[in-house]
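Please keep the sequence and the coordinates at hand while reading.

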Amino acid sequence: KISAAEKKYILIDAPTLFESHVDDFCNYIVCVMADENLRSQRIAKRDNITDEMIKSRFSSQNKDEFYISRSDMVIYNNDNLESLKEEATKTVDKIKELFNG
């Protein structure tokens with residue numbers, strides 16, 4: 001048996017995790033979601049693209065339920081960065097607890 005100190009946790013940001021079947025190699029999947037309006041605002045600011053381009057991007061993606069139904073846990077990133085960090089820390093602690101028994 002591997003001790004808790006010997007266990008390795010790997011975090012990957014994988015927008016195509018399911019499509020590429022990398023999820024087959026994952027023990028636990030956490031999905032980070034945000035409200036569509038907020039995502040649109042963030043993308044517009046980050047990528048400097050039009051609303052039409054954002055809508056086109058969204059229409060080519062799977063619906064939220066696709067990701068949610070394939071995940072063990074969902075974090076909603078609808079607030080500020082500090083709140084996201086807080087939720088991520090709680091999630092990491094929960095995962096460690098689950099796997100360290």
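Where is the place of Asn-77? Asn-77 sits in the loop between strand S2 (73–76) and helix H4 (81–100), where helices (H or I, at least four residues) and strands (E, at least two) are DSSP runs, numbered from the N terminus.

## Basis of the values

This is a predicted model, in which local features need pLDDT of at least 70 and side-chain atom pairs count only at pLDDT 80 or more, while totals for chains, interfaces and linings use all residues. Residues are numbered from 1 along each chain as its sequence is written, and side-chain values use heavy atoms, with hydrogens and water left out.

## Asn-77 and its surroundings

At 14% relative accessibility, Asn-77 counts as buried; the scale calls a residue buried under 20% relative accessible area, exposed over 50%, and partly exposed in between (1.4 Å probe, protein chains only). When residues up to four places away in sequence are not counted, Asn-77 touches Val-32, Met-33, Ala-34, Leu-38, Arg-42 and Leu-84, a contact being heavy atoms within 4.5 Å. The C-alpha atoms of Asn-77 and Ile-95 are separated by 19 Å, with the two residues 18 apart along the chain.

## Packing of H1 and H2

Two packed helices are described by the angle between their axes and the distance between the axes. For helix H1 (residues 36–47) and helix H2 (residues 51–59), the angle is about 120 degrees and the axes are 10 Å apart; axes here are lines fitted to C-alpha atoms, for helices over the stretch in contact, and angles run from 0 to 180 degrees between N-to-C directions. H1 and H2 are therefore oblique to each other, given that angles under 35 degrees count as roughly parallel, over 145 as roughly antiparallel, 65 to 115 as roughly perpendicular and the rest as oblique.

H1 passes H2 in a right-handed crossing, a crossing being left-handed if the near helix is turned anticlockwise from the far one by less than a right angle, and right-handed if clockwise. On the H1 side the contact is made by Glu-36, Arg-39, Ser-40, Ile-43, Ala-44, Arg-46 and Asp-47, and on the H2 side by Ile-54, Arg-57 and Phe-58. These contact residues divide into four nonpolar, one polar and five charged, with Ala, Val, Leu, Ile, Met, Phe, Trp, Tyr, Cys and Pro counted as nonpolar, Asp, Glu, Lys and Arg as charged, and the others, Gly among them, as polar.

## Residues with positive phi

Asn-48, found in the loop between H1 and H2, has a positive phi of about 55 degrees although it is not a glycine. With a relative accessible area of 69%, Asn-48 is exposed.

His-21 is likewise not a glycine, and has a positive phi of about 65 degrees. His-21 lies in the segment before strand S1 (30–33) and, at 48% relative accessibility, counts as partly exposed.

## The segment before S1

Pro-15 is found in the segment before S1 and counts as exposed at 62% relative accessibility. Between Pro-15 and Cys-31, which are 16 residues apart in sequence, the distance from C-alpha to C-alpha is 9.8 Å.

Val-22, also in the segment before S1, is partly exposed with a relative accessible area of 31%; leaving aside neighbours within four places in sequence, Val-22 is in contact with Ile-12 and Leu-17. Cys-26 lies in the segment before S1 as well and is partly exposed, with a relative accessible area of 29%. The C-alpha atoms of Cys-26 and Leu-11, 15 residues apart along the chain, are separated by 10.0 Å.

## The chain as a whole

The secondary structure of the chain comes to four helices and two strands, and from the N terminus on the elements run β-α-α-α-β-α. Among the contacts in the chain with a separation of 6 or more, 65% are accounted for by residues 24 or more positions apart.

The chain has a radius of gyration of 16 Å, whereas a compact globule of 101 residues would have one near 13 Å; the radius is taken over C-alpha atoms, and the globule rule is 2.2 Å times the number of residues to the power 0.38. Along the principal axes, the C-alpha atoms fill a box of roughly 55 × 30 × 20 Å, and of the 101 residues of the chain, 19% count as buried.
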